[in-house]
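Visitor: I have a structure open and I'm new to it. Can you walk me through some parts?

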Amino acid sequence: MSENYRQMWSELGLDLAAHDVLLGVLGQAYQGVYLAQKNRPEGMKYFDFVMSEVHGLRIRELLDAQAAGRKVIGSYCVFVPEELILAVNGVSVGLCAGAEFGFTEAEKVLPRNTCSLIKSAFGFKLGKVCPYLEASDLIVGENTCDGKKKSYEILNTLVRKLHVMDLPQIKSEEGRALFKAEYRKFMRVLEEISGKKIEAENLRAAIKTVNEKRKAVHRIAALRDASPAPISGLDALLINQVFFYDDTPRFTQSVNAIADELEERVTRGQGVFPKETPRVLVSGCPMAVPNWKIPAIVESQGAVIVGEESCVGERGTRNLTNEDGASVEALLDNIVERYFKVDCAVFTPNPDRLQHIREMVQKHRAQGVIHYCIQFCQPYQMESGTVERELEAEGIPVLRLDTDYSQEDVEQLRTRVEAFIERLKDKR
Ligand code: BJ8
């Protein structure tokens, strides 16, 4: 990354020395995990470029957008609707953090048995290494799991402006009403901060823009049904990760370009791995950049990941929002309808998620499921037992992995994944 950005980072208040370390680690990991892959689609070059400029050009773009009067809204969860942010001409950026960085600092304000995702978000803030966080005019939190909910009380003391949405835990009519009331409140906050009013016209246009983005990733997801798979799970994950912070129309265009290329690959029967490679679905906690640990292990052990039942994956992107509606009220109902279907494990009961995993296994022709949990993530750990029992009873092999962001257990995980892949091969 160019030296020119140092002044920009310094003006954002980053700790330049610590930030250099982070970029060094990120660059090395990217080289070893991504650039070392074989048979990658040409279209991945765009994503390689995005990653090489992830703290550079994209941040410059955010600052330019701010200079032009737009607001940057950072968030940690797929329940925060990008449609509402775009309706006030804002820029939405995902702040989820996937690296073990600044944990010592984070553990001074959080219990040690907090999940790595939350610790990482705090480590990035306290270590002053995340330009997205520092560039955000507003940060949005949400009452989902207990860890996030309570940690926002602490984050509130550390950031400029935090808005926390209350979210229901039960999918009842009362829950839906709360959901809508909280989205309405969020709309008011956005209007206030941007000085722009949400009208039916701009909201409809925003819904359309986000739908186009989701349709593009749906194309990639559908192409992964093919055997041999035309794209690796690692590359598909990267697309899902970049989904959260790239410029939306440009992202859509780049994903459609790669989908065109993958269509040709499928027609030619060209895959990243041989046809007989075991196919695996990954389900569970979100994997934020640069959390590539499990897919890197799985694919280096000779299996291919063909889908992610995850918020950084199909759980986050699957349904579209209805674009029909004459009023803001009607369009808001459409947005509520779409987001209320997200089957995050914080909901109870949450039968839709298990059903979605089954559907994904079938659709993507997966031979087994790896259930991925970040240690101390109670909602997903609690659900993992049911997922395993139910799927195994239906003849679908499941491997449950609980891990954190450290590299200490890599060899142990590798051994378990290897044995699981052997089991899938034996089943054929
Ligand atoms: S909609 S999955 S993005 S809440 S890993 S912080 S759940 S203890 S991330 Fe999530 Fe929204 Fe749900 Fe999706 Fe808590 Fe678990 Fe940590 Fe987690």
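Guide: A definition to begin with: contact, or touching, means heavy atoms within 4.5 Å. This is a predicted model, where local features need pLDDT of at least 70, side-chain atom pairs count only at pLDDT 80 or more, and totals for chains, interfaces and linings use all residues. Residues are numbered from 1 along each chain as its sequence is written, and side-chain values use heavy atoms, with hydrogens and water left out.

Visitor: Ok, using that definition, what does Thr321 touch?

Guide: Not counting residues up to four places away in sequence, Thr321 touches Glu83, Ile207, Asn211, Arg214, Asn334, Ile335 and Arg338.

Visitor: And where does Thr321 lie?

Guide: Thr321 is in the loop between helix 15 (314–317) and helix 16 (328–339). Helices here are DSSP runs of H or I with at least four residues, strands are runs of E with at least two, and both are numbered from the N terminus.

Visitor: Is Thr321 buried or exposed?

Guide: Thr321 counts as buried because its relative accessibility is 3%. Buried means under 20% relative accessible area, exposed means over 50%, and partly exposed is in between, using a 1.4 Å probe and protein chains only.

Visitor: Which side chain does the side chain of Thr321 make a polar contact with?

Guide: That of Glu83, at 3.3 Å. A polar contact is a pair of N or O atoms within 3.5 Å; within protein, one must be able to donate a hydrogen and the other to accept it, and residues adjacent in sequence count only if both atoms are side-chain atoms.

Visitor: New topic, helix 13. Why does its span agree with what it should be?

Guide: Helix 13 covers residues 248–268, and at 1.5 Å a residue its 21 residues should span 30 Å; the end C-alpha atoms are 30 Å apart, so the two agree. The expected span is 1.5 Å times one less than the number of residues.

Visitor: Which of its residues are buried?

Guide: In helix 13, the buried residues are Thr248, Phe251, Thr252, Ser254, Val255, Ile258, Ala259, Glu261, Leu262 and Arg265. As a general point, an α-helix has 3.6 residues a turn, so residues three or four places apart point the same way.

Visitor: What covers them?

Guide: The cover over the buried residues of helix 13 includes helix 3 (44–52), helix 5 (82–87), helix 11 (200–223) and helix 12 (233–242). Gly43, in the loop between helix 2 (16–35) and helix 3, touches Ile258 and Glu261, not counting residues up to four places away in sequence.

Visitor: What happens at the start of helix 13, and just after it?

Guide: At the start, a side-chain oxygen of Asp247 comes to within 3.2 Å of the backbone nitrogen of Arg250. Just after the helix, Gly269 has a positive phi of about 75°.

Visitor: Now rings. How many aromatic pairs are there?

Guide: The count is 17 aromatic pairs. Rings of Phe, Tyr and Trp (its six-membered ring) pair if their centres lie within 6.5 Å; planes under 30 degrees apart count as stacked, over 60 as edge-to-face and the rest as tilted. Tyr34 and Trp292 have ring centres 5.0 Å apart and planes at 75°, so that pair is edge-to-face. Tyr34 is in helix 2 and Trp292 in the loop between strand 5 (279–284) and helix 14 (293–300), so the pair ties together parts 258 residues apart in sequence. Both Tyr34 and Trp292 are buried.

Visitor: Why is the pair of Phe47 and Phe251 edge-to-face?

Guide: Because their planes are at 85°, with the ring centres 6.2 Å apart. Phe47 in helix 3 and Phe251 in helix 13 are 204 residues apart, so the pair links distant parts of the chain. Phe47 counts as buried at 0% relative accessibility, and Phe251 is likewise buried at 0%.

Visitor: Where are the cis peptide bonds?

Guide: One joins Ser227 and Pro228, with omega about 5°; another joins Val289 and Pro290, with omega about -5°. Pro228 is in the loop between helix 11 and helix 12, while Pro290 is in the loop between strand 5 and helix 14.

Visitor: Last one: which residues come nearest to the ligand?

Guide: Of the 16 residues around the ligand, Cys115, Cys145, Cys311, Cys344 and Cys377 come nearest. A residue is near a molecule or strand if one of its heavy atoms lies within 4 Å of it.
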